[in-house]
Amino acid sequence: MMRLSLTQSAASILYLGFIQFFLVVAFLGALESVVVTQSLMPVISLQLSLTALGLAILLAFLPKVLPTKKIKYLIPILLITGAILFINFELSLWRHDSSSWFWDSHNPFILSFSAVMVFVFFLALIIKIKNPITTVKGSITAKVITFFAIFIGITLWQVTAVKTVTNVAVDAQNKIKFVETILNKNLESHITSLTRIKTRLEAVNADDFIKMVNIDLKIYTQDFEIISSMLLLDEDLNYISGTTYSEQFTNDGLIATSPITNWLKAAENKVRFAANSATLDTDTPIIMFSIPITASNGKKYQVLALLNLNLLIENRYIDYLSSFDTFIELTPKIYFAIDKNQKNVQDLNSLLSRYSKHYIVNEIVVREVIKHNVYSFIKDYSKLKEAAQIEQMIIWLTFAFIYILILATDSTFLLRQQSIVLHKMAKYDELTGLLRRDALNAEIEAKQVNCVDVNCAMVFFNLDGFSAVNNSLGHKLGDMVLQLVAKRLKKNAVGAGAISRFGNDEFVLHYCNISKQQLSDEITLVIKSLADIYNLGEVDIHLTVSVGIAMSDGEVISPALLLQQADIAMDNAKALGGNQFCFYHKLMDESHNSMVTIRSELQKAIKNEALEVYYQPIYNLTTQCIVAVEALVRWKNNGSYISPAVFIPIAEQTGQILQVGEQVLTQVLNDISTIAELQNICVAVNFSPQQIQQRNFTEKLYKLTSEKNIQPKLLTIEVTEMIMSEKGAIEEVLKALMNKGFNVAIDDFGTGYSSLSYLSRQPANIIKIDREFTIGAELAGQKRALLEGIINICTQLNKTVVVEGVESPELIGYLSKFNNIRIQGFYYCKPMPLDKLIEYIHNNK
């Protein structure tokens with residue numbers, strides 16, 4: 001079943017079609033005014049043409065966004081207004097009278113087309129409101145066919161209507177021609193008859209002349225209804241004899257006027273006719289025929305035949321043209337009505353005001369001498385209205401065709417667009433616009449046709465610490481970062497034949513016919529560009545990237561294997577600290593396999609909750625009391641412990657560190673809440689950057705401690721100095737933690753990026769000096785001086801100092817000079833499980 005609702009694309013094509021409709025009307029109207037120079041009435045008047053042009057411009061430049069608050073009231077108003085105007089025009093077209101509020105109310109074609117224009121314009125407005133159209137979408141074929149359908153449909157309507165009007169104009173002209181023909185024929189007939197009278201009377205005996213004249217005048221008047229009267233005048237134009245009518249005619253002075261007197265005295269010996277305003281401007285307009293007669297005795301006479309002009313033209317011959325009223329301009333003040341039911345008109349303005357402006361005026365020639373203008377006015381518009389009603393269907397059928405066409409083509413267009421979108425979605429990543437992982441192999445295979453026996457390379461990118469960004473700032477900002485990464489890759493990886501988003505924060509580049517040095521130079525630039533600050537409005541993000549590169553060196557290596565090697569090289573680059581690239585070599589396979597094994601086994605341990613928590617005591621050297629413990633994760637796999645230095649970096653790379661940290665924190669909080677010995681000392685827990693940057697980390701941690709009735713001061717959050725380079729978000733989290741009452745410790749101080757210059761601004765109340773500074777500090781020298789300097793600065797800044805890696809009594813002896821310094825190291829004890837710790841605490845009270 002065909003849908004009736006319009007999609008955005010269908011609405012835009014229909015709206016464009018309406019604009020084209022008005023432009024076509026404006027063009028055809030202008031063309032008609034130039035080409036059709038003589039017409040009974042215009043089909044598309046100049047006024048209608050200009051209006052159509054104005055409406056086209058209005059629709060084309062309507063605001064793209066209409067006020068939404070008032071829009072619900074606008075559509076009903078438009079519907080009512082449009083309906084009123086449309087009904088007015090249609091009723092004017094279909095009813096017998098011709099009253100209308102607009103345009104030429106008598107022209108049925110303009111009424112018909114005005115109704116269509118109103119319908120189109122208000123429908124276009126409603127479409128515009130319901131479908132805010134900015135650009136014209138949809139099938140090009142539909143747009144082209146729509147235009148030609150409109151052009152052909154309106155042109156066909158115009159041609160048909162013009163032909164109808166032309167046929168009516170021909171009828172009007174035919175009536176004028178019939179009038180001319182009948183008029184000349186009747187005049188010729190009467191001149192012939194009157195000439196016979198002249199011949200007969202001139203042959204009569206002079207004694208019988210008057211008697212015979214009276215007999216002929218009486219008989220002729222009786223035989224011809226058109227002859228109102230006949231009279232006899234002497235040479236001096238004195239009245240001799242006639243009928244009562246002729247006597248009155250003479251007494252009224254109608255013969256005595258100068259023009260008539262001069263005409264009668266003209267020396268012409270033939271039958272003539274004449275008339276003037278005096279004889280015509282009466283209820284019975286008269287044409288006078290002059291019959292000059294010379295009697296047998298030589299006397300001269302004039303016989304006047306007074307013809308009733310009303311009866312000169314026999315209407316029965318032109319009754320089929322009764323839809324026209326016809327007037328002959330006898331004199332500038334006498335417009336003689338051919339039709340008996342119409343009255344004569346005395347001036348042209350009065351005549352034109354009586355009728356509409358639809359008329360034909362032609363000149364007729366009477367007796368090849370006298371010329372008169374004849375006006376033929378349309379009296380009955382019924383036939384024209386019938387034609388306009390029928391021909392209007394051409395336009396409605398045109399729009400019906402266009403509507404069906406648009407719906408049909410739009411369905412096909414939408415299917416095609418959906419197919420394109422699905423194809424694009426299957427090939428390109430929606431977020432970044434880069435190739436999808438599945439499409440990468442097809443793209444590489446297509447390009448390798450031109451890369452035979454040349455070096456190819458696969459470059460594997462992985463963003464360092466991106467999951468922490470997602471967790472702390474949210475996926476929306478994370479997506480923005482990925483989009484910026486994609487743009488930088490496109491901009492700087494100019495030699496890459498294919499760029500793909502391989503995973504969440506993984507990207508792959510494929511190169512063909514490139515040297516190792518060229519590739520190294522380009523990847524260096526790419527890494528540098530990716531390390532630039534990502535400005536996300538109020539937040540600035542700093543990211544680095546680990547890159548692995550695998551090259552074929554001319555060997556035939558499958559893309560899948562090359563990609564696997566690049567992935568291995570990337571893992572190696574990340575293990576080396578990230579923000580760098582490594583080329584793949586075969587020795588990496590062993591470490592990679594080991595990493596994969598550890599990753600897999602670690603996931604099993606996380607799932608089975610097999611991770612353990614060990615605790616290492618922290619002493620106050622002044623009081624020789626245990627004041628804190630550090631919780632350390634331990635993992636026993638296949639009977640032996642795996643060093644945290646091995647599996648923690650892998651967990652950080654894979655994101656497993658979040659699960660590891662969650663299990664350790666849960667175990668520590670449980671231990672604190674259930675073990676009394678831990679409730680009197682502070683417990684330090686290590687947190688990775690990815691944990692710290694999780695959304696609402698502070699609130700979640702505070703909630704967990706509150707649920708366990710653990711005071712925040714009993715928990716120390718340890719972070720490495722290295723993550724302090726991640727300024728901004730992490731610093732704010734640490735400050736928030738301290739505000740909540742938690743302790744914050746900077747672990748491994750002195751080995752990271754901050755160094756001493758950042759010490760005063762670090763959001764931490766505990767500084768743990770890395771064992772790097774304690775090795776050799778038991779002896780006097782640079783190491784001791786450096787350690788002493790750090791301790792003194794931290795003390796001056798009111799930081800609690802914990803010295804890590806203390807293993808010798810000599811170092812203990814040296815450190816004992818500092819007040820309240822804390823010691824952590826094997827000198828006292830190694831990390832131990834909880835039960836051993838409890839026993840140890842009891843033994844060392």
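Take Gln-565: at 12% relative accessibility, Gln-565 counts as buried. Gln-565 is found in helix α16, residues 559-575. Helices here are DSSP runs of H or I with at least four residues, strands are runs of E with at least two, and both are numbered from the N terminus. What does Gln-565 touch, not counting residues up to four places away in sequence? Ala-550 and Tyr-584, where contact means heavy atoms within 4.5 Å.

Quick housekeeping. This is a predicted model, so to speak: local features need pLDDT of at least 70, side-chain atom pairs count only at pLDDT 80 or more, and totals for chains, interfaces and linings use all residues. Residues are numbered from 1 along each chain as its sequence is written, and side-chain values use heavy atoms, with hydrogens and water left out.

Now the whole chain. There are 25 helices and 25 strands, and buried residues make up 49% of the 845 residues. Among contacts with a separation of 6 or more, 68% are between residues 24 or more positions apart. The accessible surface, from the Shrake-Rupley method with a 1.4 Å probe and only the protein chains shown as cover for residues, comes to about 41,700 Å², and 55% of that belongs to carbon and sulfur atoms.

Next, a sheet. Which order do its strands take? The open sheet runs β7-β6-β9-β8, with antiparallel pairing; two strands pair if DSSP finds at least two bridges between them. β7 (334-337) and β8 (359-366) are at the edges with a single partner strand each, so one side of each has no neighbour in the sheet. From one strand to the next, the twist averages 30°.

Let's follow β6, residues 324-331, which pairs with β7 over 4 bridges in the antiparallel sense. A hairpin through 2 residues joins β6 to β7. Across to β7, Phe-327 has Ala-337 as its bridge partner, and Glu-329 has Tyr-335. β6 also pairs with β9, again antiparallel, over 5 bridges, and there Ile-328 stands opposite Val-374. β6 is mostly covered, with 7 of its 8 residues buried.

On to helix α1, residues 8-35, where we find Glu-32. Is Glu-32 buried or exposed? Buried, at 7% relative accessibility. Setting aside neighbours within four places in sequence, Glu-32 is in contact with Pro-42, Val-43, Ile-44, Gln-158 and Val-162.

α1 also has a helix partner. α1 and α4 (residues 108-130) pack at an angle of about 150°, with their axes 10 Å apart. Those axes are lines fitted to C-alpha atoms, for helices over the stretch in contact, and angles run from 0 to 180 degrees between N-to-C directions. Residues meeting there include Phe-18 and Phe-22 in α1, and Val-120 and Ile-127 in α4. By class, that contact has 15 nonpolar, no polar and 1 charged residues. Nonpolar covers Ala, Val, Leu, Ile, Met, Phe, Trp, Tyr, Cys and Pro, charged covers Asp, Glu, Lys and Arg, and the others, Gly among them, are polar.

Last stop: Ala-498, in strand β11, residues 498-501. Ala-498 is buried, with a relative accessible area of 3%.

Key:
Buried means under 20% relative accessible area, exposed over 50%, partly exposed in between (1.4 Å probe, protein chains only).
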